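This briefing goes through one protein chain, from its overall dimensions to single residues. Please keep the sequence and the 3D view open while reading.

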Amino acid sequence: MSNSKPVIALAGVGNLGRYICEELRASPNFDVVVLSRGAPRKWIQDLQVPVFTTDYTTPSLLSHLNTTNATTLISFINLTTPTYITIHAALLSACRQSTNCKRLIPSEWIGDIESHPRKPDFYATTRLPFREMLKEQEEVEWTLFNMGWLADYFLREGASYMPPIKDEFPVDVDGWKACVRGSGDEAQSWTCARDVARAVVELCRADEW
């Protein structure tokens, strides 16, 4: 990798990660690489983003972080079981041991973690324990994204990289159905996935988190 620009490493890139990968690739300020268990998807190949195969153990991750001179590691590995902790502990350990990668964004990306830090329910046994691990160390800067619902779920299927979540999102556009939760008077807000990606790029440019 070229040393002229900071390198951002993306782990387990999925649907939201695709937006972030595209925005980082388009940015003149960064290079981007992808860490993945399997073969790269076609859209990653089309973007000409380097892909490094990993089993998500600390030695494997550390090797790739040092080889690419990555400065920031962003995870999209969304698991609902304690395996989330195992993998993210390895991500954190690799960052702590790496030469340059001293920033980490773990995979959260949903919910209102300020008002409801334990929601969805599986966060209590996955995200909360890892947040404590992050707080107990000082070598690696970290942050969490608190963005609530994505506005993309209002779009018809195929109009966004984000697939419909009809059993979770209160509006089913394709099915012409909606569910009013609570009293109906509570304030709500939504953020476009592309805007989240652009915010991540700006965050990566910040001097401090």
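The model is predicted, so local features are given only at pLDDT of at least 70 and side-chain atom pairs only at pLDDT 80 or more, while totals for chains, interfaces and linings use all residues. Residues are numbered from 1 along each chain as its sequence is written, and side-chain values use heavy atoms, with hydrogens and water left out. The chain holds six helices and ten strands; helices (H or I, at least four residues) and strands (E, at least two) are DSSP runs numbered from the N terminus.

**Whole chain**

- The radius of gyration of the chain is 17 Å, which agrees with the value near 17 Å for a compact globule of 209 residues. It is taken over C-alpha atoms, and the globule rule is 2.2 Å times the number of residues to the power 0.38.
- Along the principal axes, the C-alpha atoms fill a box of roughly 50 × 40 × 30 Å.
- Of the 209 residues, 42% are buried. Buried means under 20% relative accessible area, exposed over 50%, and partly exposed in between (1.4 Å probe, protein chains only).
- Among contacts in the chain with a separation of 6 or more, 65% are between residues 24 or more positions apart. A contact means heavy atoms within 4.5 Å.
- The chain has 21 positive and 26 negative charges, and their mean positions are 5 Å apart. Lys and Arg count as positive and Asp and Glu as negative, without His and the chain ends; the charge is placed at NZ of Lys, CZ of Arg, CG of Asp or CD of Glu.

- Six strands form an open sheet with parallel pairing, in the order 3-2-1-4-5-6. Strand 3 and strand 6 (141-142) are at the edges and have a single partner strand each, so one side of each has no neighbour in the sheet. Two strands pair if DSSP finds at least two bridges between them.
- Strand 1 is joined to strand 2 by five bridges in the parallel sense. In this pair, Val-7 is opposite Asp-31 and Leu-10 is opposite Val-34.
- Strand 1 also pairs with strand 4, again parallel and over five bridges. Here Val-7 is opposite Ala-70.
- Strand 4 runs parallel to strand 5 (residues 103-105), with three bridges between them. Leu-73 has Leu-104 as its bridge partner, and Ile-74 has Ile-105.

**Burial of the strands**

- In a regular strand the side chains alternate between the two faces of the sheet.
- In strand 1, five of five residues are buried. Val-7, Ala-9 and Ala-11 point one way, and Ile-8 and Leu-10 point the other way.
- Strand 2 is largely enclosed by the rest of the structure, because six of its six residues are buried. Asp-31, Val-33 and Leu-35 lie on one side, with Val-32, Val-34 and Ser-36 on the other.
- Strand 4 has five of its six residues buried.

**Helix 3**

- The buried residues of helix 3 (residues 58-68) are Thr-58, Ser-60, Leu-61, Leu-62, His-64, Leu-65 and Thr-68.
- Their cover includes strand 1 (7-11), strand 2 (31-36), strand 3 (51-53), strand 4 (70-75) and helix 4 (83-97).

**Two residues**

- Val-34 is in strand 2 and counts as buried because its relative accessibility is 1%.
- Leaving out residues up to four places away in sequence, Val-34 touches Leu-10, Val-13, Cys-21, Ile-44, Val-49, Pro-50, Val-51 and Phe-52. From Val-34 to Cys-21 the C-alpha distance is 8.5 Å, at 13 residues apart in sequence.
- Tyr-161 is in the loop between strand 7 (149-150) and strand 8 (171-172). Its relative accessible area is 26%, so Tyr-161 is partly exposed.
- With residues up to four places away in sequence left out, Tyr-161 touches Asn-15, Arg-18, Tyr-19, Glu-22 and Arg-194.
- The C-alpha atoms of Tyr-161 and Thr-67 are separated by 30 Å, and the two residues are 94 residues apart along the chain.
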